[in-house]
Amino acid sequence: MHLVAWPDGSLTDTGQAWLLATWQKLCNKWSRDKVKVMGFHVAEPNHDGCPHWHMLLWCDPQHVESMRKRWLKDCGDDPGADKHRSKTILMEAGGATG
């Protein structure tokens with residue numbers, strides 16, 4: 001893995017560690033609340049080596065907002081976080097993912 005050092009000294013693997021920790025917190029919350037979620041995620045590096053995830057999840061739509069709030073809980077006021085950190089696209093019956 002190619003690691004890039006940021007000006008603050010952190011490495012790109014710090015981003016993957018944050019994604020994993022945030023995902024685990026969300027899974028723990030769903031488990032406590034007995035929320036059923038199925039799907040998968042894929043990690044992909046940006047051009048600078050910083051990771052981002054793509055997820056394909058099936059759950060009751062009422063749980064989408066709690067997921068979004070979890071991803072924005074840490075540094076949700078960063079520029080572009082609200083627009084880019086968590087995008088939700090509802091699946092349509094008969095569509096590619098539906």
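**Why these labels? A chat about a predicted model**

Biologist: Which residues does L19 touch, and what makes that a contact?

Modeller: L19 touches P51, H52, W53 and W71, leaving aside residues up to four places away in sequence. Contact means heavy atoms within 4.5 Å. Bear in mind that this is a predicted model, where local features need pLDDT of at least 70, side-chain atom pairs count only at pLDDT 80 or more, and totals for chains, interfaces and linings use all residues. Residues are numbered from 1 along each chain as its sequence is written, and side-chain values use heavy atoms, without hydrogens and water.

Biologist: Why is R68 called buried?

Modeller: Buried means under 20% relative accessible area, exposed over 50%, and partly exposed in between (1.4 Å probe, protein chains only). R68 has 19%, so R68 is buried. R68 sits in helix α2 and touches D82 and S86, again not counting residues up to four places away in sequence.

Biologist: And why is W58 called partly exposed?

Modeller: The relative accessible area of W58 is 34%, which lies between 20% and 50%, so W58 is partly exposed. Its place is in strand β2.

Biologist: What makes the largest nonpolar core a core?

Modeller: A nonpolar core is a set of buried Ala, Val, Leu, Ile, Met, Phe, Trp, Tyr and Cys residues joined through side-chain atoms within 4.5 Å. The largest one has nine residues: L19, W23, L26, W30, V35, W53, L57, M67 and W71.

Definitions and conventions:
Helices (H or I, at least four residues) and strands (E, at least two) are DSSP runs, numbered from the N terminus.
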